[in-house]
Amino acid sequence: MMQWFHRMASPAWFYRFSGKLIPFLILTFTPLLIIGLYGGLVTAPSDYQQGDAFRIIYVHVPAAWMSLFIYIVMAVYAVITLIWRIKLAEILLISSAPVGVGFTILALATGSLWGKPMWGTWWSWDARLTSELLLLFLYLGVIGLYRAIEEKRTASRFVSILVLVGTVNIPIIHYSVEWWNTLHQGSTITLTEKPSMHIDMLIPLLMMAIAFKVFYGISLLIQARAELVEREFNSRWVRELVEENSDG
Amino acid sequence: MSTLNSLFFLCRRDVLIAFRHRQQALNPLLFFVLVCLLFPLGIGASADLLKAIAPGTIWIAALLAVLMSLDSLFRTDFEDGSLELMILENQSLTLLVATRVFAHWLMTVLPLLLLAPIMAVALGLSSNVLIILLTSLLLGTPVLSFVGAIAAALIIVIPHNGMLLALLVLPLYVPALIFGTSAVNNAALGISPEGPLYILAALLVLSLTLSPPAIAAALRTGVSQ
Amino acid sequence: MADFFQMGGYALYVWSAYALAFVVLLINWLGPYFKHKKKLKNASDFYLLNREQEHDTSA
């Protein structure tokens, strides 16, 4: 078992493994996305109050969930980096950040597009929107800090500390609708209670959520491979890889 | 030397050095005063408007002043190598760091609190609100110092960091700013400021206990590079 | 069919949101893909150049 972990932490092994994994992930992602989109745009019944505008939920909510999920995953990588200093964890950490930025921007922008017809405003400085915006700044800070430091192992340690310090924002975002009077609506889907959403509306949402997660995996792996090649530039396996590619 | 003794000694050293370089501590103060005075000039001197924005203005000016002072926290010691010595010599880097930030707050930020009432009056804040303003600043500025110190420690190896410090610190400062101004705004409206003040106190406790380890970890990483 | 595109009058908002999602996904996919290709090219230039130099010096 430990041997498997050690193997998994080896950059060369990970590079080959991820190369084989990516096609499978793409194969999983595509049908999920198509079914989710079809369900969300066509099958799901129109909302009583919001009409067809509510369909934005099928990109907005999964994007928002992803922005939080990716940050938590980054926090886990950060802990691994600080305690065990595993190179792969460092790479996965920094490779996740751009994906997180994308989803956070998407959540904010689709939220605006939903807010304008529904609430009459593009933006409001309520607790949830503000803390999600802060999350965007945290992600950008992570990327900025990593880029500013030349020695990448040191950079990864600094970034790990930053990620962990910023983790306090996550419960704030999540519970902001419970703790404060916000413009943003409360949670309709929780882990512990029955969702208050109609099942025909719920299923496409869950499919899109899973599709986005798989997408994160794909994006993460591709980013990680690029980062891996850059950081391991001087190592033997990169050299062998390059020679393989040029001879073939 | 017992731990408490050595911490007291360090605090005294930092305070003395800060006192000898008083001009450096003057910069944030001047900045604070400038921002507070520029607002009435820029927005137009309508008394009601000024009174309404006074709490936010003073808080923001204080926040920016603290932000300005953060860079000098660790940089000089890092660059001349004395930080490394301190890390090696001390059993508890966490306590050393806490002492350093406290000394910094004492010498650089506390003077702001002395100037704040004058600025508040200049912006037309009524005197009963003033007490709440001072309380909120007293509770909130240490949070800004301690949390800002984390960011200062994180960028210690980067020579020309410019906006990076502000980018890192912004998400972490916003809660303190929101609750601080909310307390004062409540008081100005006649509502009880207790809620936000309690939360500010909680933020203070959290930052006092959780930030020194983070700062210590960052400093160790920076020095060991 | 027209109903579908109209989205009950909210067409602009709904379709902008989905278009944005599509763009974000595309960038998150293509960005790293091209970056990976570029890094591989950097590495291959570096190593193949070195190999040529070795051949030159040994020849």
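Two residues are in contact if their C-beta atoms, placed from the backbone, lie within 7 Å. The model shown in these views is predicted.

**View 1. B:Phe74 and its surroundings.** By that cut-off, B:Phe74 touches B:Leu83, B:Ala152, B:Ala153, B:Ile156 and B:Leu219, leaving aside residues up to four places away in sequence. B:Phe74 sits in the loop between helix 3 and helix 4 (75–80) of chain B. B:Phe74 is buried, since 24 other C-beta atoms lie within 10 Å. B:Ala149 is 75 residues from B:Phe74 in sequence, yet the two C-alpha atoms are 8.5 Å apart.

**View 2. Helix 3 of chain B, with its bend.** Helix 3 of chain B covers residues 47–69, 23 residues in total. From first C-alpha to last, helix 3 reaches 31 Å, close to the 33 Å expected at 1.5 Å a residue. The helix bends by about 50° at B:Ile53. A proline, B:Pro55, follows within four residues of that point. Buried residues of this helix include B:Ala54, B:Pro55, B:Trp59, B:Leu63 and B:Leu67. B:Thr57 and B:Ser69 are also among the buried residues of helix 3 of chain B. The cover over these buried residues includes helix 2 (22–43), helix 6, helix 7 (127–154) and helix 8 (163–189) of chain B.

**View 3. The crossing of helix 6 and helix 9 in chain B.** Helix 6 spans residues 93–122 and helix 9 spans residues 194–223. Their axes come within 8 Å and cross at roughly 105°. Helix 6 of chain B is therefore roughly perpendicular to helix 9 of chain B. On the helix 6 side, the meeting residues are B:Leu93, B:Thr94, B:Val97 and B:Ala98. Helix 9 brings B:Pro212, B:Pro213, B:Ile215, B:Ala216, B:Leu219 and B:Arg220. By class, this contact has eight nonpolar, one polar and one charged residues.

**View 4. Helix 6 of chain A.** This helix runs over residues 152–166. Its 15 residues should span 21 Å at 1.5 Å a residue, and the end C-alpha atoms are 21 Å apart, which agrees. Eleven of the 15 residues are buried, so helix 6 of chain A is largely enclosed by the rest of the structure. Among the buried residues are A:Arg157, A:Phe158, A:Ile161, A:Leu162 and A:Gly166.

**View 5. Where chain A meets chain B.** Here 18 residues of chain A are in contact with 17 residues of chain B. On the chain A side, the elements giving two or more residues are helix 5 (127–148) and helix 6 of chain A. Helix 5 of chain A supplies the largest share, eight residues. The chain A side divides into eleven nonpolar, five polar and two charged residues.

**View 6. Where chain A meets chain C.** Of the two pairs of chains in contact, chains A and C share the most contacts. Chain A puts in 35 residues and chain C puts in 25. Elements of chain A that give two or more residues to this side are helix 3 (57–84), helix 4 (87–119), helix 8 (199–231) and helix 9 (236–247). Helix 4 of chain A gives the most, with ten residues. The chain A side holds 19 nonpolar, nine polar and seven charged residues.

**View 7. Chain C.** The secondary structure of chain C comes to two helices and zero strands. Buried residues make up 22% of its 59 residues. No contact joins chain C to chain B, and their closest C-alpha atoms lie 23 Å apart.

Note on methods
Residues numbered from 1 in each chain as written. Chains lettered and ligands numbered in written order. Predicted model: local features only at pLDDT ≥ 70, side-chain atom pairs only at ≥ 80, totals over all residues. Axes fitted to C-alpha atoms, helices over the stretch in contact; angles between N-to-C directions. Parallel < 35°, antiparallel > 145°, perpendicular 65-115°, else oblique. Nonpolar A, V, L, I, M, F, W, Y, C, P; charged D, E, K, R; others polar. Expected span 1.5 Å × (residues − 1). Bend = angle between axes of the 7 residues up to and from the residue. Buried ≥ 20, exposed ≤ 12 C-beta atoms within 10 Å, placed from the backbone.
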